[in-house]
Each structure stands twice: as C-alpha cells, then as structure tokens.
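Hi everyone, thanks for coming. Let me put the sequence and the model up on the screen, and then we can walk through a few parts together.

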Amino acid sequence: MPSLSRRACTKSKGQPNLLHTAWYRHHQNPYHPQQNPDGIINLGTAENRLLFDLIQEKLADIKLDQMHEDYTHYCKLSGTDAFRQKLSAFFNRFMHPQEKIVEQDVYVMNGCGTVIETIGRSICNEGDGVLIPAPYYTGFKSDLEQRIAVKTIPVHLDCQGKQAFQITLQKLEEALEGAEDSGIPVKALLLSNPNNPLGTVYTEEELEMMAEFCYNNDLHLVCDEIYLLSVYDQNASFKSLLSIKNFHKYRDHIHVVWGFSKDFSLSGFRVGVAITKNEELQHDLGSQGYYTSVSTVTQYILEEMITDSQWLDKLVQINHQRLQQNRNLVAKKLSQTNIPFVYPKSGLFVWINLSKCMEDQSLQNETELFEQLMNNGLYLVPGQAFETKENGWFRMIISNEYQTVELALKRLLKTVRNFSSDFVQSIVRKSITFEEIGHRRGSTETVVALETSIRKLRNKKQKEMSQFLIE
C-alpha cells in the first residue's frame, strides 16, 4: 500500500498517550446510575456537567428561524462582526480590562487548544521553547508540540512547604537560564489562571511579577483564563491579566485565551477566543482563520447566550453554587480521612496527594495506583500527566452530579485502603524473605538487624497508612 508522509509517520510513533488510553477505556464502560452502575466514573476529563438544565432551557428559547440570512453564508473567518462585538462587551464586563476590549482585539477559533496552537505558531519558530509553571494542564503539551514543534519547558514548583505551588521570580529565571543553556530559545511564558490543576488563582502581585519578567526578557505572556466565571469561593480574588495595574506597559506582550467549554458547559461546541492588543499578532491570527473558523450558526447561538444578561447572571450564580457544594463535599471527606489536598477556590477540580499510600513514590508506583483506580471504576488523572515535580498527586474533577461525586469518593477511599494494605503486606512478605536469607547465611546478627529495621519500617508505614483506613 502507498506510504504516508514523514510527518504522519513521526506523529504515529511512540507510546500511546496515558490519558487517551484511559478515556477510551472509560468510553467502553461508562458509569450510569441505572444502566451501568459498575462502570467507570470519569472524574478525569475536565468537563462541566452541572449546567445542562440551564443550557437546555436557553437553547429552547433561541429561535433559529429568526436568524438572519447572512449567517447561512461565509463570514469573516475570525468571527462574525456581531459575535466579536458582543464578545468584546462580555469581556469588558467580566475581565475589567485596563484598556477597553474592541472587536479587532477578539479572534474566534474552534476551541482553546486551537487558540494556543495558533498563537504558538505566530510567536515561536520550530524548536523554540515556552515556559509553563508545573504542574500544568496536560493539553498545553500537545497544543504546542504535536504540530508546530514548540518545546514545552516546565517551571517546576515546590510541592511541599510554605512556598508549595507558588510561582517565584527565582523559579522563572532558573528555568529560563536552564533552557538557554540547553540551546533552546525561549519565546513565551504560558499560564492558566485560574490554575489547572490546582484550582487556585494568581495574585495581582504575581501577575505583575510575571509580566515584568516577560517584559525584561522580551517574552510573550499567554494566559489561559478559560475558568474565568468558575471562581466560586467568596474568599478568592480573581484578576484577569488584562486588568493588572501596569497593563499599558506590557500590552504588546500580553495575550489572553478564553472559551465556552468550562464556564458554559459547552465543550462540544468547540469555541475558543484569543484576545490581544498586539497589532502584528492580530494580523497573523486573522490570516490563519481559514483553518480555525467556527460555524456561523454556533456563533449565533452563543451570541444569544452572552447577550441575555438575566440568564447569564443565573448561569454564573448556579455554577458557583453547585461547584462550591461539590468542593465542600470532597474537601470534607478528604479532611476526615487525612488525605492531603490543595484547597481549591476555582475551576472544576481538586488536586489530591495520595503519595503516602505508595510504596516508594516512584512513577511506576503512581501508574500502578492509577490502574488500580481504573480497575475499581474511577478515572482520575495522575500527576505525571501534569509534569508535577513529585509523584503521587492526582487531579479529581468535581463538576459532576453530587451523587456521582459521592460514589466516586467511596471508590477512591476503597482503592486507597486496599492499595495501602497491599503495601503494608508487602513489607511483611519482604521481612519473611530477609529472615529466611539471614538464617540460610547463618548470621544471627544479620537476622536481628534486619528484623529490627523491618519492624520499625512496618510500624511506621502502618501508622501512616492508618489515616487512610478511616471509614
């Protein structure tokens, strides 16, 4: 048969993606409370399943038969004039930008992944690098590497201590220097704010620091704000990068991404938006619209949604209430069982630390725990997918039905208890093996020393694991 191109052959090689494999495994056996109660609960894919009743209500009100004929013909590939104007008003309301967003600043594309890739193509050459604070959303890697050959460079944050998961200037400078020492020209810093997978928000001081870092090093600063309307905790103070005090100084460096997948629970609509004041980037984004455009009918429907202020306010309020309710459920259960986690105030997830039930905190052990969770009917994403510095972290999605999240927690705790018990029992088995070896060698001192060490280790681990055995 005829061969494929070198591009196609290069992309098809390598190991299967862990998350793709897990998703298809779930897809073959999805959980349903009545039809398949033993199926796999998907709390790995970051989809908002809390708002369909409101979306369905609004879709029923939208009268497609009143749509103007223009929507059935070609439009500007960066978005219809009407939709871009309405989006500008929407962003001005919720992002509170220092400079008013206008139509020419807004570029509509078929999903935020496409937006990231398109911006990456515009600002980077093949082989250039983009810094990303880690842990970070796993999709960034494929967005930048798969087709445009841009290297993702993790800025590894501490996972423990007073500065756990905090971005610092020192971390950024070290990552930049390390990349340049390796011969990788760095062109940009990429953030997600609110943060995926942490569920936290950057302070204005942190945003200003990162903007100044990019300004001083002539870098672009790209911020994915796809969870803009999912900051549900009243104690959280969210600042869009477009609203920081010194935006005017950094305006040509800053580019913001947003989409309808999370805040509007419309991941299937595949609509993302780029916002930038940089005129050169505006021109290039517009020139790529032939490959990134969105159906005019989809734009019409979304235009109707974002201009209905009463319905929109209701959507945001209920989204916050339901996310907070589920966050409280998960936080309470994890606290009761002494499982460490990062307390989230935004987004659709909780970042959980299960390392204490692992034997050696190795990548292999994390993968084994991931597989055990899948076998017990629960799909969570392991930390290895987020380039995290330490193994044993998992992201759990909370934006599902309350009862489903409750059941998922039961499956999680059951898995952790069994995994922990297996670990403790392995220590016992190892102790017997060591004793037999010692006796065969005829060394009483060896046996005593091994028995003492093993007893201490076993007692220590049993004490640590006891926190996971609470009913």
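I'll go from the sheet to the helices on it, then to a cavity, and finish with one more helix.

Two notes before we start. This is a predicted model, where local features need pLDDT of at least 70, side-chain atom pairs count only at pLDDT 80 or more, and totals for chains, interfaces and linings use all residues. Residues are numbered from 1 along each chain as its sequence is written, and side-chain values use heavy atoms, with hydrogens and water left out.

So, the sheet. Seven strands make an open sheet with mixed pairing, in the order β2-β8-β7-β6-β5-β3-β4. Strands here are DSSP runs of E with at least two residues, helices are runs of H or I with at least four, and both are numbered from the N terminus. Two strands pair if DSSP finds at least two bridges between them. β2 and β4 (151-156) stand at the edges with a single partner strand each, so one side of each has no neighbour in the sheet. On average, neighbouring strands are turned by 25 degrees against each other, direction ignored.

Look at β6, residues 220-224: β6 pairs with β7 in the parallel sense over four bridges. There, aspartate 224 stands opposite valine 257 of β7.

Now the helices on the sheet. α8 (residues 204-216) touches β3 (129-134), β5 and β6, and its direction makes about 165 degrees with that of β5. α5 (residues 112-123) lies across β2, β5 (186-192), β6, β7 and β8, running at about 160 degrees to β7. Contact means heavy atoms within 4.5 Å; axes are lines fitted to C-alpha atoms, for helices over the stretch in contact, and angles run from 0 to 180 degrees between N-to-C directions.

Which helix gives the largest share of the lining of the largest cavity? That is α5, with four residues. Among the lining residues are Ile116, Leu144 and Val222. A cavity is a set of points on a 1 Å grid over the protein atoms alone where a 1.4 Å probe fits but cannot get out, and lining residues have an atom within 4 Å of a point.

Last, α4. This helix covers residues 81-95. α4 is followed by histidine 96, with a positive phi near 50 degrees.

Notes
The expected span of a helix is 1.5 Å times one less than its number of residues. On a 1 Å grid over the protein atoms alone, a cavity is a set of points where a 1.4 Å probe fits but cannot get out, and a pocket is an open set with protein on both sides within 12 Å along at least five of seven lines; lining residues have an atom within 4 Å of a point.
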